[in-house]
Amino acid sequence: MARANEEAAELLRELADLLSITGGDAFKIRAYEKAARAVEGYPDDISGLELPGLRKIPTVGEAIAKKLLDYNRTGTIRQVEDLRAQIPAGVRALTEIPTLGPKRAHQLYAELGVSSVAELTEAIDEGRLKGLKGFGPKSVENIRHGIELLVQAQDRSPIDVASELADDVVAAVSQVPGVERCQYTGSLRRMRETIGDVDVLVASDDPQPVMEAFKALPFVTEIIGSGDKKTSVRTSRGLQVDLRVVPPASWGAALQYFTGSQAHNIRTREIAARAGLKLSEYGLFDVESGALIVSETEDEVYRRLGLPWIPPPLREDTGEIEAAQKDALPRLVRVEDLRGDLHTHTDLTDGVASLEAMVAAAAERGLEYYAVTDHAPDLVMQRMTDEKMLAQRERIRELQKDYPNLAILHGTELNIGPDGSVDWDADFLAGFDVCVASVHSHFTQDRDEVTRRLITACENPHVNVIGHPTARSIGRRAPVDADWDEVFRAAARTGTAMEVNSFPDRLDLPADLARRALRLGVKFAIDTDAHSVGNMRNIRFAVGTAQRAWLTPDDVINAWPLPRLREFLAKKP
DNA sequence: GCCGTTTTCGGCCCGACTGTTTTCAGTCG
């Protein structure tokens with residue numbers, strides 16, 4: 001993804017925020033937010049574009065195109081600079097506090113001069129909010145509490161933590177008498193890489209016992225709000241859970257609504273409105289007569305809007321509506337499409353399970369092929385040697401006799417050095433069925449160095465897969481900085497696959513980069529990188545990430561039959 | 001600020017909950 005697109009999108013988003021603080025027109029603000037999304041998701045680099053080119057970006061009109069041109073020429077947008085001079089950055093930060101939005105953040109600034117979260121804490125402690133219009137005792141207490149939460153829970157939760165919590169809530173609530181259906185929705189159903197809060201939807205004609213049972217769950221630490229239709233709680237696992245109860249007849253419309261994303265829903269509602277219909281969580285209605293048209297299944301809601309059912313991971317308003325209208329949605333890759341795993345470890349290096357146990361688990365998963373890819377000698381702490389590697393190869397040949405339906409491939413995970421070189425010479429590498437190569441150190445090289453480094457690895461005729469390409473650790477380590485378009489072009493040209501790694505704190509490539517790579521003709525490997533038998537269950541998170549990147553089985557080399565995979569692995573000149 | 005098979009002007013997605021300015025604005029999703 002072009003860096004210019006991201007920077008320009010962030011400037012437009014800041015412009016929208018600053019205007020909402022200064023009380024700008026709400027529709028104008030929405031126009032900037034929409035344009036920010038469009039610029040971010042636009043396939044071409046905007047930095048070379050002039051006005052006519054910029055106007056081609058959806059939702060970008062005359063005025064925003066000029067602002068983008070301003071950005072292209074000066075690296076910023078003048079109006080943003082002007083507003084920054086008026087509104088300190090800290091005031092925008094105030095709106096991060098739950099229950100405090102742009103209006104009251106501005107009020108605090110205008111009337112009390114509060115321009116940061118720290119100053120707000122001070123003002124509350126000194127009682128300076130007393131008598132301020134709109135800030136009663138409960139509001140002040142909510143804000144104080146919100147600041148505490150903001151400080152301690154900066155981060156969103158990893159998808160595996162949220163996933164487990166959601167499963168627990170769904171299991172418990174499903175037991176309540178009168179509950180006809182129960183399912184988690186929201187960003188978790190869309191398989192976002194991190195989750196802000198868990199949304200659970202229930203179909204029942206009798207909400208009261210559902211709410212009571214929900215509030216009584218053992219991990220609930222605080223009731224944020226509770227009514228007939230909706231209850232929100234905080235849990236001991238740090239996540240907020242929102243429970244929504246709807247009549248069973250509204251199930252499909254509600255599921256569609258609560259799955260989001262918000263941007264996707266705005267689009268579906270616009271389509272409804274243009275057809276004289278109204279879409280809400282209760283159903284699709286005729287505006288004039290008020291008559292209910294459909295509501296029982298998601299499928300019929302979409303169909304009545306003239307669209308095929310859209311898989312949740314695509315629902316981000318990044319082109320899925322347009323694709324649906326043209327009946328050109330991708331047939332997304334699924335867990336059951338994967339025939340093999342190309343990146344796994346054993347206790348020969350840093351895995352915790354034996355070769356035999358890992359292979360048995362692979363057979364249990366029903367895989368057709370399975371690559372064992374222990375670390376190579378350059379990661380010195382793994383203590384790998386040529387002899388150990390060759391001995392493992394022999395054991396695999398023996399073990400193969402016990403698995404007539406599972407091809408066991410012998411591979412390795414090479415270390416990509418700072419200059420792009422890998423552990424072994426060509427002769428030794430030629431002995432492997434598959435080579436994954438990954439960055440494990442020197443994360444702070446500059447953009448040009450990292451780019452060259454990864455391209456050099458792709459150009460190695462024995463490297464088949466780049467493992468966890470950005471080397472990020474979600475919430476802990478930033479991705480390495482590279483010109484990804486250049487890297488992806490090299491990968492496509494050399495027949496090197498990019499990995500989508502399953503570890504919940506990696507999910508690497510991330511979906512946005514994978515989608516970018518897809519457009520440049522790259523193939524992918526969706527791997528567990530399993531270091532234990534239990535790790536194999538993580539595969540669903542990488543598949544979710546791949547779905548968010550619009551990948552189909554044809555884009556994923558380990559969804560291919562073995563002969564086709566072998567052809568790909570034979571690689572390059 | 002954007003946009004057009006209702007429109008180049010007048011719309012722009014919809015509803016729940018909270019707290020407070022007692023009839024509704026702000027916030028959230």
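Tutor: What follows starts with the salt bridges and then moves to other local features. Keep in mind that this model is predicted.

Begin with the total. The whole structure holds 39 salt bridges. Side chains of opposite charge can pair when their charged atoms come close.

Look at Lys-34 and Glu-270. These two form a salt bridge, with their closest N and O atoms 3.8 Å apart. That falls within the 4 Å cut-off for a salt bridge. The pair ties together distant parts of the chain: Lys-34 sits in helix α2 (residues 26-41), Glu-270 sits in helix α14, and 236 residues separate them. Lys-34 is partly exposed, at a relative accessible area of 26%. Glu-270 is also partly exposed, at 22%.

Now stay in helix α14 and find Arg-267. Its side chain meets that of Asp-317 in a salt bridge, at 2.9 Å from N to O. This pair, too, links distant parts of the chain: Arg-267 is in helix α14, while Asp-317 is in the loop between α15 (298-304) and α16 (320-325), 50 residues apart. Arg-267 has a relative accessible area of 18%, so it counts as buried. Asp-317 is buried as well, at 15%. The cut-off for buried is under 20%.

The two pairs belong together. Salt bridges with shared partners join Arg-30, Lys-34, Arg-37, Arg-267, Glu-270, Asp-317 and Glu-322 into one network.

Arg-128 pairs with Glu-126, with the closest N and O atoms 3.0 Å apart. Arg-128 is partly exposed, at 35% relative accessibility. Glu-126 is partly exposed too, at 48%.

An unreviewed UniProt entry carries the annotation "domain: Helix-hairpin-helix DNA-binding motif class" for residues 52-71, 92-111 and 127-146. In the model, residues 127-146 are 50% helix and 0% strand, and their end C-alpha atoms lie 17 Å apart. Residues 92-111 are 65% helix and 0% strand, with end C-alpha atoms 16 Å apart.

Next, a surface patch of one charge. Asp-386, Glu-387, Asp-425 and Asp-427 gather there as a patch of negative charge. Glu-387 belongs to helix α18 (residues 386-400). With a relative accessible area of 59%, Glu-387 is exposed.

Turn to the backbone. Two peptide bonds deserve a look. The bond from Gly-260 to Ser-261 is cis, with omega near -5 degrees. Ser-261 lies in the loop between α13 (251-259) and α14 (262-274). The bond from Asp-508 to Leu-509 is cis as well, with omega near 5 degrees. Leu-509 lies in the loop between β16 (497-501) and α22 (511-519).

Positive phi values come next. Ala-471 has phi near 60 degrees, a positive value in a residue other than glycine. Ala-471 is in the loop between β15 (465-467) and α21 (484-494), and is buried, at 0% relative accessible area. Trp-550 is not a glycine either, yet has a positive phi of about 70 degrees. Trp-550 lies in the loop between α23 (539-548) and α24 (562-570). At 13% relative accessible area, Trp-550 is buried.

Finish with Asp-206. This residue is in the loop between β4 (197-203) and α12 (207-215). Asp-206 is partly exposed, at 39%. From Asp-206 to Pro-218 is 12 residues in sequence and 22 Å in space, C-alpha to C-alpha.

Conventions. Residues numbered from 1 in each chain as written. Chains lettered and ligands numbered in written order. Predicted model: local features only at pLDDT ≥ 70, side-chain atom pairs only at ≥ 80, totals over all residues. Heavy atoms only, no water. Patch = residues over 30% accessible without salt bridge, like charges linked within 9 Å, V, L, I, M, F, W, Y side chains within 5 Å. Areas by Shrake-Rupley, 256 points an atom, 1.4 Å probe, with all protein chains shown as cover. Lys, Arg positive; Asp, Glu negative; His and termini not counted. Charge placed at Lys NZ, Arg CZ, Asp CG, Glu CD. Helix = DSSP H or I, 4+ residues; strand = E, 2+ residues; numbered from the N terminus. Buried < 20%, exposed > 50% of the residue type's maximum accessible area, 1.4 Å probe, protein only. UniProt positions renumbered as here; feature names shortened; annotations may be inferred.
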